[in-house]
Amino acid sequence: MAEPALRDTAMPAVDVRNLSLVYRSRDRAVNALSNVDLQVERGSFVSLIGPSGCGKSTLLRVLGDLLAPTSGTVLLDGRAPRAERLDRRIGFVFQDPALPEWRTILANVALPLELRGTPRADREAQARELIDLVGLTGFEGAYPRQLSGGMRQRAAIARALSTKPRLLLLDEPFGALDQITRDRLNLELMHIHEVTRVTVVLVTHSIREAVLLSDRIVVMTPRPGRISRILEDRLPRPRRLQTRDLPDYEDLVRLGNSALERGYAHV
Amino acid sequence: MVLRLVEEAGPPIVVLVVLIAFWEWACHAFGIKTYVLPAPSSILGAFIKGSNTLLYHAGITAFEAMAGFVIGSALGALIGTAFAYSRFLARGFLPYIIAANTIPVVAIAPIIIIWFGHGIGSKIAVTAFLSFFPLALNMMKGLQSYDRVVMDVFHIAAATPTQAFFKMRLPSALPYVFVGLKLNVTFSVIGAIVAEFVQADRGLGFVIMTSYRSMAMPRLWAAMLLSALMGIVFFLIVAALERVFVPWHASMDPGR
């Protein structure tokens, strides 16, 4: 059984080759993604950043099997995104926490396990652990309406982790939150990444957030959506909010900003 | 809790008592003839005198209304669900359903009575006809009104279409369903009475018709008020069910 071992070490968690996606409407076609190549190492943290229309969210949705590409191949741990999704090995967090309002936080976090058919006692025990991991202990019985935006997003993250995914896709999860809440959730995200070693692909508008969290920062440009530059981020781990005080941090932010500016020149 | 009840129920009760007192006084003071406007006391008298028969007829009408409401709502929910899932069915049938909905119930009642006979069945059928449309339309709208991001969450979690229906689309639709049910339950009493107007030998509509022919106006008023009370009680039952089944909905929150 040498092959599975080989698969586990050498195969990238995400392998995108020559991916293109064209949105066709009645009178025109938009090249949302054009010839995208991207490999993401298992257990690493990658951010996708770029101006609106650069296709970063589209790319994330293709990875999550929410969109089908027009051409090219996508493999997640060597398998089609659909197979990974059907095995519930993908976690996805959207900008909107999207917690059904009639479910308690516990029932919301346990939802993917419930859909999988995990017995109630099991799934609730697992959900409680995750609720603890994201710092929502004590709010198991609360309804989403009773929680703040940041707390709702924590619950959404816990839910995305409930099936123990190999790949966690985050689509601007903190975009609607204030800066202080955002910092705290970034900290928690770093912690979650360290504890679970899940591969993370994060779509963000904030270069500072990307530099703080990532191993690699993928800068994208619009029209057509494509990758313009990939920055390696070798800031020491574990990352802390204090990581932002390092000179290297500022250097990377500058580098990222200039790469982004070249992208905005296309707008 | 008790204070809130007093606060909410207080004003309408005061208004009711004052209105009835004024009504009673005006009937005597201006010598209004009983067939024009019976005094509350004579309506109450007619009710007490004929309470056994009145309640029997009210029971018949209540049964017709409830049975028609349940059958009509069930059909409406089924058709509304089909429309929510099939654009073809919705676009094909909706124009005709809306057209059928504009038919006055008094016009269609005689036809339904010819089809379903002179018994209680035809009254139930008229009621079902009337309480079909609101739920069909609200069910369709409700099932289509789910949150697209929540649908993505279900998709990522590999939910089956059945799971998506029962755990997402149906709960999302419930506030709309109750809008439809509240309309239906009010229409159901109207439907039953209109059907009894057209042809019946029992029920409150029958009592109203016969009282009118014999100019027994206090009895007619008693029957009318009884039918109104029935509608209110039915409505309150549905509203209570809404509180049980949709406790999360924002409109259920006091003070919002």
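Modeller: Strands here are DSSP runs of E with at least two residues, helices are runs of H or I with at least four, and both are numbered from the N terminus. In these terms, and bearing in mind that this is a predicted model, Pro224(A) sits in the loop that links β8 (216-221) to β9 (226-232) of chain A. The peptide bond leading from Arg223(A) into Pro224(A) is cis, with omega near -5 degrees. A cis peptide bond also joins Arg237(A) to Pro238(A), where omega is about -5 degrees, and Pro238(A) belongs to the loop between β9 and α10 (247-264) of chain A.

The buried residues are Phe133(B), Pro134(B), Leu135(B), Ala136(B), Asn138(B), Met139(B), Met140(B), Gly142(B) and Leu143(B), and their cover includes α3, α4, α6 and α9 of chain B.

One of these covering helices, α4 (residues 87-101) of chain B, packs against α7 (residues 133-143) of chain B at an angle of about 150 degrees, with the two axes 11 Å apart. The crossing of α4(B) with α7(B) is left-handed. On the α4(B) side the contact is formed by Ala90(B), Leu94(B), Ile97(B), Ala100(B) and Asn101(B), and on the α7(B) side by Phe133(B), Leu137(B) and Met140(B). Sorted by class, this contact of α4(B) with α7(B) has 7 nonpolar residues, 1 polar residue and no charged ones.

The crossing of α3(B) and α6(B) is right-handed. From α3(B) the contact draws on Ile60(B), Phe63(B), Glu64(B), Ala65(B), Ala67(B), Gly68(B), Phe69(B), Ile71(B) and Gly72(B), while α6(B) contributes Ile120(B), Lys123(B), Ile124(B), Thr127(B) and Ala128(B). By class, the contact of α3(B) with α6(B) has 9 nonpolar, 3 polar and 2 charged residues.

The largest nonpolar core has 91 residues, of which Val16(A), Leu19(A), Leu48(A), Leu59(A), Leu63(A) and Leu169(A) touch the most other members. Helix α9 (residues 161-198) of chain B gives the most to this core, with 13 residues. Neighbours within four places in sequence aside, Leu59(A) is in contact with Leu19(A), Leu33(A), Val36(A), Leu38(A), Leu48(A) and Met220(A). Another core lies apart from the largest one and has 47 residues, among them Val134(A), Leu136(A), Ala156(A) and Ile217(A).

Two loops of chain B complete the account. Ala158(B), in the loop between α8 (148-156) and α9 of chain B, has a positive phi near 55 degrees although this residue is not a glycine, and Ala158(B) is buried, at a relative accessible area of 11%. Met215(B), which lies in the loop between α10 (204-213) and α11 (217-245) of chain B, likewise has a positive phi near 55 degrees in a residue other than glycine, but Met215(B) counts as partly exposed at 47% relative accessibility.

Note on methods
Residues numbered from 1 in each chain as written. Chains lettered and ligands numbered in written order. Predicted model: local features only at pLDDT ≥ 70, side-chain atom pairs only at ≥ 80, totals over all residues. Heavy atoms only, no water. Left-handed = near helix turned anticlockwise from the far one by under 90°. Contact = heavy atoms within 4.5 Å. Nonpolar A, V, L, I, M, F, W, Y, C, P; charged D, E, K, R; others polar. Core = buried A, V, L, I, M, F, W, Y, C linked by side-chain atoms within 4.5 Å. Buried < 20%, exposed > 50% of the residue type's maximum accessible area, 1.4 Å probe, protein only. Axes fitted to C-alpha atoms, helices over the stretch in contact; angles between N-to-C directions.
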